[in-house]
Amino acid sequence: MKARRRIGLLGLGALLALQAGCLRPDPKAVLLNRLQGAAKLATVKFTFNKIIWGEKEKRLFLKLQNATFLALTRVEITAGIDLSRIKSGDVVLDGRRIRLKVPPVEVVAYAFPFEKIEVDRNYTASRFLNPIRIEDVEELLRQADADVRRSLPFLGLEKRTTDNTRALLVRILKKFGFDQVEIEFTPAVPLSFRSYE
Amino acid sequence: MSKPSARILCRPWAWALAGLAAVLLLLKFAFHVDLVLVQTKLVLRPTALTLEDVRDLEFLVTAEYFGEVIGTARDYFSKTAVPAAEAVLSRLAADPRPEDAVLSDEDRKIFDALRAALIRRSRLSARVIDTVKSRTGVLSLVRPEFANGRLGDELREALLAVLLERRDIAYLARGIVQAGYNLAAVEEDRFLRSRDGKTVYLQMEPTILGKAINPWFIYDPAANLQIKGFEIIAESNVDLEEDDAFSFINGVKEACRQRLLEDALKAGIEDRARASAEQSLANLFKMFQPDIEAVRLVGRGEFERRRAEPPDGRP
């Protein structure tokens, strides 16, 4: 009986150990406080304005008057290409001619700077039993940030980024002595900001 | 009718409750009225993005630091309010007639906070309350703890306690610092090849190209990964109706950003930017000119020394 219990306990221990080994790491622990190398060529910075118009609806038996928050914000999107994704097979040399295939344009940096948020005090108002609190402001900013990120593929940033990147690469390559430079871009994927990748 | 359940039916409040329930059910199912009693919802009204500016860049980002920091109102007050208090005290101490000196609103506020700190520290001593009514009185009380334009630790802590009691906030913040090179700033003659032609020297200094803490640090619903940029850990008495509420909040957020930058610099982001740039530029240059083996990014001193070397290598 005792031996059976011991075997049972050992089995349970092994199962727990296995389970612990299979635990997925916390993504926050993996992503943060990390320094990584990169080779991203940023060629254009777009600054957008966005109005944040938020309302706090509250019901306390009856629907209370909405509290409002209004602010003008700015979003800075820096785009370019990732040079580390150019492989030797992407370069074709022929005397003083060069043909280069470069990766698709991407968002290199994204900023929703808090210091550029201008709160409109005339239209930002708490109401009776329905105040606008700092947590509400942070939540509205997050909703606006998410909204901008969802809009990224539809902002038409690719054309200007492609043109700028092409012009810069041609200028650099001409300094290397090439007189004919052909740049071909890999078809673009929808733009998004995934800095942690 | 002698059973307890039957007796309840005789009470008027039971009939009132039953009536109320019937009305609520009628509202809910016949008129589809939402019967949620307490509910709060934040709604973002749709607004467009409008393009304000497009600027050409020539940045090479070669190192990125992803970090998490804590920023508090205490950090903010230590860097702003305490030096402001020290500046006001220095000014008044140097003034032959401190009572008549003109102070700005901000200066007056910080001076009042200092008064409150002195009173609080004295545990509401009547003598101190009386003394701090005048600026000269405040100066006389502060004098033993104010040397070389700096407040003593104890008084500094008392001042911070008063300010934090008025309003306090702490953020957990996650953001990104990017470092690399501004290629547009590299001049034509900052490029040099070694005598054997295998090494390219570029005079370039790494620089911080960006530091951002956004509302979302990561927003990727498809991967089920959403991590907030700014997260409130604790907050008390932050009243958005106050005129300077948002500059106070931005000050605390700036403290977070500064700390993030300090962490990135401590982690060696500039060295990593240099090493990474040398590696990736060498890889790139090799594709165009196979005789290039290495790229070295050097400071002005080393670049000038290399350029001054005679072609045959002898000093």
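These legends go with several close-up views of a predicted model.

**Figure 1. The largest cavity has a lining drawn from chains A and B.** Searching the whole structure turns up 3 cavities of 30 Å³ or more. The largest cavity, shown here, holds about 110 Å³ of space. From chain A, look for A:Phe69, A:Phe114, A:Ile117, A:Val119, A:Ile134, A:Val137, A:Glu138 and A:Leu141 in the lining. From chain B, you'll find B:Phe246, B:Ile249, B:Asn250 and B:Lys253. Helix 3 (134-151) of chain A and helix 9 (245-266) of chain B each give at least two residues to this lining.

**Figure 2. B:Glu68 and B:Arg174 join up in a salt bridge.** Side chains of opposite charge can pair when their charged atoms come close. Here the N to O distance is 2.7 Å. This pair ties together distant parts of the chain, with B:Glu68 in strand 2 (residues 49-72) of chain B and B:Arg174 in strand 5 (residues 168-182) of chain B, 106 residues apart.

**Figure 3. A salt bridge connects the side chains of B:Arg120 and B:Glu165.** The gap from N to O is 2.5 Å. Again, distant parts of the chain are linked: B:Arg120 belongs to helix 5 (residues 105-121) of chain B and B:Glu165 to helix 8 (residues 153-166) of chain B, 45 residues apart. B:Glu165 is exposed because its relative accessibility is 53%, while B:Arg120, at 39%, is partly exposed.

**Figure 4. B:Arg306 and B:Glu302 pair up within one helix.** Their side chains meet in a salt bridge, 3.3 Å from N to O. Where do the two residues lie? Both are in helix 11 (residues 300-308) of chain B, 4 residues apart, which is about one turn of the helix. B:Arg306 has a relative accessibility of 25%, so it is partly exposed. B:Glu302 is partly exposed too, at 30%.

**Figure 5. A network of salt bridges brings in residues from chains A and B.** On the chain A side are A:Glu55 and A:Glu57, and on the chain B side are B:Lys41 and B:Arg45. How many salt bridges does the structure hold over all chains? The total is 49.

Conventions
Residues numbered from 1 in each chain as written. Chains lettered and ligands numbered in written order. Predicted model: local features only at pLDDT ≥ 70, side-chain atom pairs only at ≥ 80, totals over all residues. Heavy atoms only, no water. 1 Å grid on protein atoms, 1.4 Å probe; cavity = no way out; pocket = protein on both sides within 12 Å on 5 of 7 lines; lining within 4 Å. Points joined across faces, edges and corners; volume = space filled by probe spheres on them. Salt bridge = Lys/Arg side-chain N within 4 Å of Asp/Glu carboxyl O. Buried < 20%, exposed > 50% of the residue type's maximum accessible area, 1.4 Å probe, protein only.
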